[in-house]
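Good morning, everyone, and thank you for making time. Please have a look at the structure on the screen, and then I will take you through a few parts of it.

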Amino acid sequence: MDVSSAIGGTALVRLRRLVPPGHAEVLAKLEWQNPTGSLKDRMALAVITAAERDGRLRAGDTVVEYTGGSTGASLALVCAAHGHRLRIVSSDAFSRGKLDQMAALGAELTLVPSVGGHTTRELILEMVETARRISLEPHHFWTDQLRNHDSIAGYHPLGEEIWRDTGGAVDAFVHSVGTAASLRGVATALKRRRPGVHVVAVEPAESAVLSGGAAGPHQIEGVGIGYRPPLWEPSVVDEIVPVATAEARAMCRRLAREEGLFAGTSSGANLVAALRVAARLGPGARVVTLMVDSGLKYLDTDLYVRG
């Protein structure tokens, strides 16, 4: 048994002060309880063990990935536990705390400069290309999170946990889209159990490409890559809700002060959308969303500045 055995089994809590009367019940899965503080631990374990099992990743090989931070920390944790070297391509667009956490866990960082600290389509594509070039070196394995189907299976247990924790009483699942693996994995598991579960994808309003809008810069870390992710599967999604960066950030601060839940910007976006869905569904229904990562990853940003 190693640290990877601590991944999963996170708590599901009911929000009480942020949900107005007349809304559906809103539950949040606390994915920051995973070892690195984010849901990405689930996919990291899935992609590394699958690659080891089929021989794509061998003892002594180096793992390569591009990431805004949470995936990198999760891969660093699993690689440390499994004895692999890790090379990460990231950017100054993402919080210093995330970069420091990756390095602390043994990742070797290559940083691609951003324009004004914003996530853009051009930045993501340059990060991907940099990782691809590094992966061509001998004995390197590229996890390629935007295209790796093993990551989807890594989130099936999360869907099963939600089903078990709610006793099967879940009417809607709401979650933001980065690679789309977590949304797709959870949605697939839930719809196997109950095809009528309403699945809502969340994206930045400033870059609402899934809704048919134009790509643009935003500051909701880890989501909204500026183009349709290769793992996006519209057949498991019933609705797409755009949420503005300012709305997501404001909700993060409300979550902390009113519910005692300390989370990052994609979690704030998740809750903004979940409350919209809860208002529409009304009393007697139940909406589940995810607290994607811990607010501890954002203390070096202005997300939680006093004011």
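Let me begin with a term: a residue is called buried if its relative accessible area is under 20%, exposed if it is over 50%, and partly exposed in between, with a 1.4 Å probe and protein chains only. This is a predicted model, in which local features need pLDDT of at least 70 and side-chain atom pairs count only at pLDDT 80 or more, while totals for chains, interfaces and linings use all residues. Residues are numbered from 1 along each chain as its sequence is written, and side-chain values use heavy atoms, with hydrogens and water left out.

Helices (H or I, at least four residues) and strands (E, at least two) are DSSP runs, numbered from the N terminus. In helix α3, the residues Lys98, Leu99 and Met102 are buried. Seen down the helix axis, the buried residues of α3 fall within an arc of 100°, taken from the directions from the axis to the C-beta atoms, so they line one face of the helix. An α-helix has 3.6 residues a turn, so residues three or four places apart point the same way. Where do the buried residues of α3 pack? They pack against α2, β4 and β5, where contact means heavy atoms within 4.5 Å. Just after α3, Gly106 takes a positive phi of about 105°.

Now to Thr36, which lies in the loop between β2 and α1. Thr36 counts as buried because its relative accessibility is 5%, and among the residues that it touches, not counting those up to four places away in sequence, are Ala73, Leu77, Gln101 and Lys297.

Next comes the core. A nonpolar core is a set of buried Ala, Val, Leu, Ile, Met, Phe, Trp, Tyr and Cys residues joined through side-chain atoms within 4.5 Å. The largest one has 46 residues, and those with the most contacts inside it include Ile48, Ile162 and Trp232. Among the elements that give two or more residues to this core are α1, α3 and β10. A second, separate core of 32 residues includes Leu30 and Ala278.

Finally, the structure holds 2 aromatic pairs, meaning rings of Phe, Tyr and Trp (its six-membered ring) whose centres lie within 6.5 Å, with planes under 30 degrees apart counted as stacked, over 60 as edge-to-face and the rest as tilted. The ring centres of Tyr66 and Trp142 are 6.1 Å apart and their planes stand at 70°, so this pair is edge-to-face.
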